[in-house]
Amino acid sequence: MNAKSEVTVTLSDELYKQLNAEATALGVALEWLVASLVVDTFETECA
């Protein structure tokens, strides 16, 4: 896959805090957690 596209994600303060806590608990970067949610959303929408 050639990744030339960009996606911008805007999180509310509440969602940012929740996802940041989840990312910390999982030991992953917040960016990776959000990216995985975006990919899951696109895959669900395109399926």
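Helices (H or I, at least four residues) and strands (E, at least two) are taken here as DSSP runs, numbered from the N terminus. On that basis, the secondary structure of the chain comes to two helices and zero strands. The structure is a predicted model, in which local features need pLDDT of at least 70 and side-chain atom pairs count only at pLDDT 80 or more, while totals for chains, interfaces and linings use all residues. Residues are numbered from 1 along each chain as its sequence is written, and side-chain values use heavy atoms, with hydrogens and water left out.

Helix H1 has 14 residues, and its end C-alpha atoms are 20 Å apart, which agrees with the 20 Å that these residues should span at 1.5 Å a residue; the expected span is 1.5 Å times one less than the number of residues. Just after H1, Gly 27 takes a positive phi of about 75°.

A residue is called buried under 20% relative accessible area, exposed over 50%, and partly exposed in between (1.4 Å probe, protein chains only). Of the 47 residues in the chain, 13% are buried. A nonpolar core is a set of buried Ala, Val, Leu, Ile, Met, Phe, Trp, Tyr and Cys residues joined through side-chain atoms within 4.5 Å. The largest such core has six residues, namely Leu 19, Ala 23, Leu 30, Leu 33, Val 34 and Val 38. Helices H1 (13-26) and H2 (30-46) each supply at least two residues of this core, and the largest share, four residues, comes from H2.

Leu 30, which lies in helix H2, is buried, with a relative accessible area of 14%. Although Leu 30 and Leu 19 are 11 residues apart in sequence, their C-alpha atoms are 6.9 Å apart in space.

| Residue | Contacts, not counting residues up to four places away in sequence |
|---|---|
| Ala 23 | Val 28, Ala 29, Leu 30 and Leu 33 |
| Leu 30 | Tyr 16, Leu 19, Asn 20 and Ala 23 |

Val 7, Val 9 and Phe 42 make a nonpolar surface patch of about 270 Å². Nonpolar patches join side chains of Val, Leu, Ile, Met, Phe, Trp and Tyr within 5 Å, from residues with over 30% relative accessible area and no salt bridge (a side-chain nitrogen of Lys or Arg within 4 Å of a carboxyl oxygen of Asp or Glu). Val 7, placed in the segment before H1, is exposed, with a relative accessible area of 51%.

Definitions and conventions:
Contact means heavy atoms within 4.5 Å. Patches are made of residues with over 30% relative accessible area and no salt bridge: like charges are joined within 9 Å, nonpolar side chains (Val, Leu, Ile, Met, Phe, Trp, Tyr) within 5 Å. Accessible areas come from the Shrake-Rupley method with a 1.4 Å probe; for residues, only the protein chains shown count as cover.
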